[in-house]
Structures are given as C-alpha cells and as structure tokens.
Amino acid sequence: MSDINIRKEGKIGRITLTRPKALNALSYDMCLQIERALDDWRDDDTVAMILIDAEGERAFCAGGDIQEMYDTGTAGDFGYGRNFWRDEYRMNAKLFEFPKPVASLMQGFTMGGGVGVGCHGSHRVVCESSQVAMPETGIGLVPDVGGSLILSRAPGRVGEYLGSTGGRIGAADAIYAGFADYFVPQEDWAALTAKLIETGDWTAIDRAAKPAPAGELEALRDQIDAHFAGETLRDILNSLQNDEGDFAAKALKSLNRVSPLSAACTIEMIHRLRGNDDIRRALEIEFRFTFRAMETGDFLEGIRAQIIDKDRNPNWKHGGPDAVTAMEVAKMLMPLGADSLTFEEEKA
C-alpha cells in the first residue's frame, strides 16, 4: 500500500496522503513524489488546479516522519537529515510558487511538515476538527517548511507567540493567523471535491465557505502584543514574569517546556522575516538552523524525550529560556556558505 496517491482526476491534479494510521506523517519519499507531481503538472494544460487532501479523520498531516533522522543522527550521520530538509524545503518552495491554484483540505492535525504541504497554496480549507500548529520548539527545532514566513505575516505578535510556544489553534484562529483561508464544514467536502474534479473551477471553494466557529486569538491579541513584542526571548520572559494573569502563566509554562535555544532562534527568525514575502528567504534561514540542529542544537534530545522514550523530560542544553545568549542565537542562524540552501536538485 502506497503512502501517497497522486493522479489526475477530471480537470485537477490530486494528491492524497494515504497513511492515516501514521497520521499521514510525511516521509522523505512522499516529499519527492509531491515535487515530481508539481513539476509534471506545472505546464500541463489538462490540469486546471491541484487539490491536496488526506485519508482518515484524525489528521491531514501531523508532521514529518523523523524516525530515520533520529536513527542516523544519533549514529553521528547528520547527512540524511540535512538532505531530507534540503529536498523537503525545495518542494515547499515549489508549492508556494506554483502558478496554478492549489487547494488543500485539512482535517484534524496539520502540524510541522503538514503545514509545509497544506498551508502554502492559494485555497487552504479547514473544518470543525482542524488543529493547526508549528510545535517544533518542543522537539528542539524551529518552525520550518516555510512556517516561519506564515508566522512573520501573522497579525501583531501572534507569530512570535505561536512559534515560540508551539500552541495548537482551531479553524477560526488558523484563518486569523494566516495558515488557512476558508472554513468549509467537513460534511460538504465530498460535494466540493466532486465539483472541483468536474469543473476545475476553484471559485467553487469561495461559494462553499461558511463563517468559522469563534476562535480565541483575536480576543487575546492585546496581551499577546504586549508580552511578545520584545526584541529577544529574554525580553518576552521579563514581560510575562511581571504579569500575574492566566495568559501570562500559561505562556510561561509553555516556554519553560520547549527548547530554550529553539524558542530564542524562532523569535529572531520571525523578526528577520517580518515584512518579507519571499518563501526562499524564509526556507534558507530555517535551513541554517536545521542544518545545525542535530550537531549543536537540541533536536536529537527533543526527539528522544518526546517520541522515542516518551518520558517528556528533555535535558536541553540550556537550563531555562533566560539562559540563551545573543551570540548563541547568532551562531545557529549564521549563513552556511557552501552548504547553503540553493533550491537546485542534487545531481546523482
């Protein structure tokens, strides 16, 4: 059984993730297959648009399949993970830059690598069950797959808040934060899909959209902007620690769980990208971090604690979020020189 089903149906190119038991986690091979489909359909006049969806109720795509990254990284081989990220990011850029409409139907969990597949198109649809997140700081990474660009364009300081704490958001908040465009009740998806296949008319999505149930972010906006406007993670911590309210307490609890180095670098990345609309710039900065994440960051320890041993007790390199220095952030985000992300496919 394949992990992905790529085919032409009627007037659309359709990509369906077919690993529901694994929450449709994105494997290296799935990334490469998506890229090949994008290349094939880019100039194919019989494909009016692309539709990306997934089997199962629990997840559109709950992230990347990182078991092999952990296995190779703990053995001292950092090349596999770096190549995975390099190729995945190239695919993310092609999705973002695709010249035809790209629609995605995102039920359940859409996290990490799933954001890179589902949230760069032109018509991003969520429903009642949708839960979107960039939870990378909890495993010693930073929001990547172009997620840093979405976060940098979120209203006010919502990007810094979501990116550093890794919080999950529902449908309305996903639209508010810029991860989605439309709310369509899931019971209407089958009819909408049939219409797209028959006609290739992406405006059918506009007609199917309904108002989303109320979210939470907009009501929290004043507090988010007040506390997460600091220049550094330490500034944000100082602000939160001087507030005895519930929001500040919850945000502090989240920041004390994640990798301090990852959270500090996330804040810096979002600041660098604000006002930018270049996916390649975002991915290139993300790759600076992920390239170094196994060797000098917290990634392997984060995976061990959250996914391998599941003890939820990572031993981060820093004792707390206030212990990361500006120099350490700068070193993680320094240009990579000859190893920089180029978006060119490696020749065998």
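Q: At 22% relative accessibility, is Glu-9 buried, partly exposed or exposed?
A: Glu-9 counts as partly exposed, because its relative accessibility is 22% and the buried class ends under 20%. Bear in mind that this is a predicted model.

Q: Which residue forms a salt bridge with Glu-9?
A: The general idea is that side chains of opposite charge can pair when their charged atoms come close. Here the partner is Arg-14, and the closest N and O atoms of the two residues are 3.2 Å apart. Arg-14 has a relative accessible area of 15%, so Arg-14 is buried.

Q: How should I read the sheet, and what is the order of its strands?
A: Strands of a sheet pair through backbone hydrogen bonds, either parallel or antiparallel. In this model six strands form an open sheet with mixed pairing, in the order E1-E2-E3-E5-E7-E9. At its edges are strand E1 (4–9) and strand E9 (182–183), each of which pairs on one side only.

Q: How many bridges join E1 to strand E2?
A: There are six, and E1 and E2, the latter covering residues 12–17, run antiparallel. As a case to look up, Lys-8 has Gly-13 of E2 opposite.

Q: Which strands does helix H1 touch?
A: Helix H1, residues 28–41, packs on the sheet and touches E1, E2 and strand E3 (49–54). The direction of H1 makes about 15° with that of E1.

Q: What links Glu-35 and Lys-94?
A: Their side chains meet in a salt bridge, at 2.8 Å from N to O. This pair links distant parts of the chain: Glu-35 lies in helix H1 and Lys-94 in helix H3 (residues 79–96), 59 residues apart. Glu-35 counts as buried, at 3% relative accessibility, whereas Lys-94, at 23%, is partly exposed.

Q: Which residues are linked with Glu-35 and Lys-94 in a network of salt bridges?
A: The network also holds Asp-39, Asp-87 and Arg-90. In total, the structure has 25 salt bridges.

Q: Where is Arg-304 in terms of accessibility, buried or exposed?
A: Arg-304 is buried, with a relative accessible area of 16%. Its side chain meets that of Asp-311 in a salt bridge of 2.6 Å, N to O. Asp-311 counts as partly exposed, at 37% relative accessibility.

Q: What does UniProt list for residues 12–332?
A: An unreviewed UniProt entry lists these residues as "domain: Enoyl-CoA hydratase/isomerase". Over that range the chain is 51% helix and 10% strand, with the end C-alpha atoms 41 Å apart.

Terms used. Residues numbered from 1 in each chain as written. Predicted model: local features only at pLDDT ≥ 70, side-chain atom pairs only at ≥ 80, totals over all residues. Heavy atoms only, no water. Pairing = 2+ DSSP bridges. Helix = DSSP H or I, 4+ residues; strand = E, 2+ residues; numbered from the N terminus. Contact = heavy atoms within 4.5 Å. Axes fitted to C-alpha atoms, helices over the stretch in contact; angles between N-to-C directions. UniProt positions renumbered as here; feature names shortened; annotations may be inferred. Salt bridge = Lys/Arg side-chain N within 4 Å of Asp/Glu carboxyl O. Buried < 20%, exposed > 50% of the residue type's maximum accessible area, 1.4 Å probe, protein only.
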